[in-house]
Amino acid sequence: MFLIPQDYWQVQETKEKGRGIFAKKDIEAGTIIGDYTGKVIRPIDEEVYEKDGDLYLMYYNDQASVIPDLIKPGIHLINHSCEPNTWMHTYKGHTLFFAIRHIFSGEEITVSYLLSPEEPSDKPSEFVCKCGSKTCT
């Protein structure tokens with residue numbers, strides 16, 4: 001769910017990542033952009049909801065994950081970047097996305113998904129990063 005007015009953001013297609021969220025107006029650092037909302041499920045049931053390799057499901061803690069309503073545009077459409085312009089903060093059961101720097105009109109709004117392997121491994125990650133940043137990890 002977006003917490004900034006709709007005239008500040010828009011859904012657009014990207015070259016490599018499908019849909020993404022782009023700023024229609026400048027967004028100041030510290031602005032709360034939205035809250036990751038959806039159906040709360042048990043992490044053991046995540047495979048039922050994850051389809052086609054798309055990453056919409058958010059792990060919250062050992063007892064809960066959140067799957068958003070994929071029909072409506074929302075925070076779940078913010079794509080990953082290794083050089084994000086937003087960050088997440090959990091507060092009283094909410095996962096709030098906020099701008100960590102000035103976001104310029106026309107710029108894609110991004111966040112680090114903080115993906116890590118389930119267990120230490122010499123195998124490469126199954127997640128293929130398409131962020132295109134110079135410091136892509």
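**A colleague's note on the fold, its sheets and its salt bridges**

1. Let's start with the surface. The protein chain exposes about 9,200 Å², and carbon and sulfur atoms supply 53% of that area. Please keep in mind while reading that this is a predicted model. As for the interior, buried residues make up 34% of the 137 residues in the protein chain.

2. Next, the overall layout. The protein chain has one helix and ten strands. If you look at the contacts with a separation of 6 or more, 63% of them come from residues 24 or more positions apart.

3. Strand S5 (residues 58–61) and strand S6 (residues 64–67) run antiparallel and are joined by three bridges. Met58 has Val66 in S6 as its bridge partner, while Asn61 stands opposite Ala64 in S6. The two strands form a hairpin, with two residues between them. As background for the view on your screen, strands of a sheet pair through backbone hydrogen bonds, either parallel or antiparallel.

4. Now for strand S9 and its partners. Strand S8 (residues 86–91) pairs with S9 in the antiparallel sense over six bridges. S3 also pairs with strand S9 (residues 94–99) in the antiparallel sense, over three bridges. Which residue stands opposite His89 in S9? That residue is Leu96.

5. S8 and S9 form a hairpin with two residues between them, and Lys92 in the turn has a positive phi of about 50°.

6. On to the charged side chains. How many salt bridges does the count come to? The count comes to five. One of them joins the side chains of Glu108 and Lys17, at 3.1 Å from N to O. This pair links distant parts of the chain, 91 residues apart: Glu108 belongs to strand S10 (residues 108–111), whereas Lys17 lies in the loop between strand S1 (9–13) and strand S2 (19–23). Is Glu108 buried or exposed? Glu108 counts as buried because its relative accessibility is 14%, under the 20% cut-off. Lys17 has a relative accessible area of 24%, and is therefore partly exposed.

7. Asp45 forms one with Arg42, and the closest N and O atoms are 3.0 Å apart. Asp45 is partly exposed, with 25% relative accessibility, while Arg42 is exposed, at 51% relative accessible area. The side chains of Asp69 and Lys72 meet in another salt bridge, at 4.0 Å from N to O. That value sits at the limit of the rule, since the nitrogen has to be within 4 Å of a carboxyl oxygen. Asp69 counts as partly exposed at 37% relative accessibility, and Lys72 counts as exposed at 52%.

8. Asn79 brings us back to Glu108 and Lys17. Asn79 is found in strand S7 (residues 79–80). With 8% relative accessibility, Asn79 counts as buried. Leaving aside residues up to four places away in sequence, Asn79 touches Thr14, Lys17, Arg19, Gly20, Glu108, Ile109, Thr110, Val111 and Tyr113. Both members of the Glu108 and Lys17 salt bridge are therefore among the residues with heavy atoms within 4.5 Å of Asn79.

9. Finally, a nonpolar spot on the outside. Met1, Leu3 and Ile32 form a nonpolar patch on the surface, and together they have about 270 Å² of accessible area. Ile32 sits in strand S3 (residues 32–35), and at 39% relative accessibility Ile32 counts as partly exposed.

Technical notes: Residues numbered from 1 in each chain as written. Predicted model: local features only at pLDDT ≥ 70, side-chain atom pairs only at ≥ 80, totals over all residues. Heavy atoms only, no water. Pairing = 2+ DSSP bridges. Helix = DSSP H or I, 4+ residues; strand = E, 2+ residues; numbered from the N terminus. Buried < 20%, exposed > 50% of the residue type's maximum accessible area, 1.4 Å probe, protein only. Patch = residues over 30% accessible without salt bridge, like charges linked within 9 Å, V, L, I, M, F, W, Y side chains within 5 Å. Areas by Shrake-Rupley, 256 points an atom, 1.4 Å probe, with all protein chains shown as cover.
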